[in-house]
Amino acid sequence: MLNLKIKILSVDESNDFRTIRLSALEKSPEMFGSTYIAEVEKPLDFFKDCLSSSTVFGAYQKNKIIGLATLTQENGIKFSHKASLSSVFIEPEFQQKGVASILLGAIIEYSEKHVEQILLIVADDNKPAIHLYKKFGFETYGIETQAMKDNGQYTDEVLMKRFMS
């Protein structure tokens, strides 16, 4: 059994955030709009700014960050009832062990107090993630064809939403 701790990262955990973010970009490049090369040389202040503009959840096992998910609440009075979930990543050696479920559960619990809807976008070929999101009550509301392009290859993305009440 994993001794897992989920916490919201503060700027004090900027190094942890940088570590897991770069790991995600390196190990799962097809899942992200950015690249390892684009972010590896960025100063720590870049990562601090990311932590300041969103609610970033970290999954820790024995004080080592092994998972990540970012929740960004929309700006503006007419949109602030929504938040977008992005950058979900679990280190490969901890995948299929329930870490993503625990992380997602913590995000939903937090969101119930702060927003009315969570929106997310997931690559259409990421079947395990789509299955997990559906298990947690997310529903598909659209498909964006050719949403990402990498080395001449297109990936469609599934748009999903969960109402909190």
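Predicted model: local features only at pLDDT ≥ 70, side-chain atom pairs only at ≥ 80, totals over all residues.

Q: Which ring does the charged end of Lys-42 sit over?
A: The charged end of Lys-42 sits over the ring of Phe-46, and its distance from the centre of that ring is 4.9 Å, to be set against the limit of 6 Å.

Q: Why is the arrangement of Phe-17 and Phe-47 called an edge-to-face aromatic pair?
A: The structure holds 4 aromatic pairs. In the one formed by Phe-17 and Phe-47, the ring centres are 6.0 Å apart and the planes make an angle of 70 degrees. Because centres within 6.5 Å make a pair and planes over 60 degrees apart count as edge-to-face, both parts of the name apply to Phe-17 and Phe-47.

Q: What makes this a link between distant parts of the chain?
A: Phe-17 belongs to helix α1 (residues 14-27) and Phe-47 to helix α3 (residues 44-53), and the two are 30 residues apart.

Q: How are Phe-46 and Phe-47 arranged, and which residues form one aromatic cluster?
A: Phe-46 and Phe-47 form an edge-to-face aromatic pair, with 5.0 Å from centre to centre and 90 degrees between the planes. Phe-17, Phe-46 and Phe-47 form one aromatic cluster.

Q: How many residues has the largest nonpolar core, and which have the most contacts inside it?
A: The largest nonpolar core has 27 residues, and those with the most contacts inside it are Leu-85, Leu-104, Ile-107, Ile-118, Val-122, Tyr-133 and Phe-138. The elements that each supply at least two residues include β4 (82-90), β5 (117-123) and β7 (153-163), while the largest share, 5 residues, comes from α4. Apart from this core lies another, of 15 residues, among them Ile-20, Phe-32, Leu-51 and Val-56.

Q: Why are the buried residues of α4 said to be on the same side?
A: In α4, the residues Val-99, Leu-103, Leu-104, Ile-107, Ile-108 and Ser-111 are buried. They cover an arc of only 165 degrees around the axis, which means that they are on the same side of α4.

Q: How do you know that the span of α4 is close to the expected one?
A: The 13 residues of α4 reach 18 Å from the first C-alpha to the last, and the span expected at 1.5 Å a residue is 18 Å.

Q: What makes us say that the buried residues of α5 line one face of the helix?
A: Ala-129, Ile-130, Leu-132 and Tyr-133 are buried in α5, and because the buried residues fall within an arc of 160 degrees when seen down the axis, they line one face of the helix. On the other side of α5, the residues Lys-127, Pro-128, His-131, Lys-134 and Lys-135 are exposed. What covers the buried residues of α5 includes β4, α4, β5 and β7.

Q: Why is Phe-163 called exposed?
A: Phe-163, found in strand β7, has a relative accessible area of 51%, so the word exposed applies, given that the cut-off is over 50%. Leaving aside residues up to four places away in sequence, Phe-163 touches Glu-116 and Gln-117.

Note on methods:
Residues numbered from 1 in each chain as written. Heavy atoms only, no water. Phe/Tyr/Trp six-rings, centres within 6.5 Å; stacked < 30°, edge-to-face > 60°. Helix = DSSP H or I, 4+ residues; strand = E, 2+ residues; numbered from the N terminus. Lys NZ or Arg CZ within 6 Å of the ring centre and 35° of its normal. Core = buried A, V, L, I, M, F, W, Y, C linked by side-chain atoms within 4.5 Å. Buried < 20%, exposed > 50% of the residue type's maximum accessible area, 1.4 Å probe, protein only. Expected span 1.5 Å × (residues − 1). Arc of directions from axis to C-beta. Contact = heavy atoms within 4.5 Å.
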